[in-house]
Amino acid sequence: MKRAIMIFALLASASILVSCNSETTDNITKTPQQTPNTVTTENNKNDTVEKYSEGLIFELDEDADGYILKPKGTCTDERIVIPPMYCDKPVVELGGYAFKDCVNIKSVVIPDSVKKMGNNVFRSCHKLKDIYYTGSEEEWNELTDKRQMDVSDIKIHYNWK
């Protein structure tokens, strides 16, 4: 029995390594594996542990030094939690239309590793009311362009740790 458990653990570990190290020819990884898969956030009341959202699609950026969150993932969470790291590299960009027409999204946690946002990231996300950004308000203002992203009805929470 111990031998079977050890073999299973070895195979599970190998599948995680293959997932992060085997890119398709177009540099898209469709099965997110990040380490760790939870984040501890502190709000004004208590510490909470949140799991990173599954079903997000990442693509290695042009310089191969970070990942871009791409549209058309399978995630259906009402609260999207984007990991700061993916396959040992930072998540550096939210691609254009990343959450377009994701009508169930109510809130998003964005790590300060994200340094760029594409156009219309939250287009037609009518239920989105809160964005929790782990960086400062100044960093957020540098990251976003009000002409590309209408956040007038969305509350931005800065320094969310």
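This report covers the fold and the aromatic ring pairs of a predicted model.

## Overall fold

The protein chain contains two helices and 12 strands. In sequence order the elements run α-β-β-β-β-β-β-β-β-β-β-β-α-β.

Of its 161 residues, 39% are buried. Among contacts in the protein chain with a separation of 6 or more, 51% join residues 24 or more positions apart.

## Aromatic pairs: Phe58 and Tyr86

The distance of the centres and the angle of the planes describe a pair of aromatic rings. There are five aromatic pairs in the model. In one of them, the ring centres of Phe58 and Tyr86 are 4.3 Å apart with the planes at 20°, so this pair is stacked. Phe58 belongs to strand 4 (residues 57–60) and Tyr86 to strand 7 (residues 85–86), so the pair ties together parts 28 residues apart in sequence.

Phe58 and Tyr86 are both buried. Together with Tyr67, these two residues form a cluster linked by ring pairs.

## Aromatic pairs: Tyr132 and Trp160

The rings of Tyr132 and Trp160 have centres 4.5 Å apart and planes at 50°, so the pair is tilted. Tyr132 is in strand 11 (residues 130–133), while Trp160 is in the segment after strand 12 (155–157), so the pair ties together parts that are 28 residues apart in sequence.

Tyr132 has a relative accessible area of 12% and is therefore buried. Trp160 is also buried, with a relative accessible area of 14%; the cut-off for buried is under 20%.

Conventions. Residues numbered from 1 in each chain as written. Predicted model: local features only at pLDDT ≥ 70, side-chain atom pairs only at ≥ 80, totals over all residues. Heavy atoms only, no water. Helix = DSSP H or I, 4+ residues; strand = E, 2+ residues; numbered from the N terminus. Buried < 20%, exposed > 50% of the residue type's maximum accessible area, 1.4 Å probe, protein only. Contact = heavy atoms within 4.5 Å. Phe/Tyr/Trp six-rings, centres within 6.5 Å; stacked < 30°, edge-to-face > 60°.
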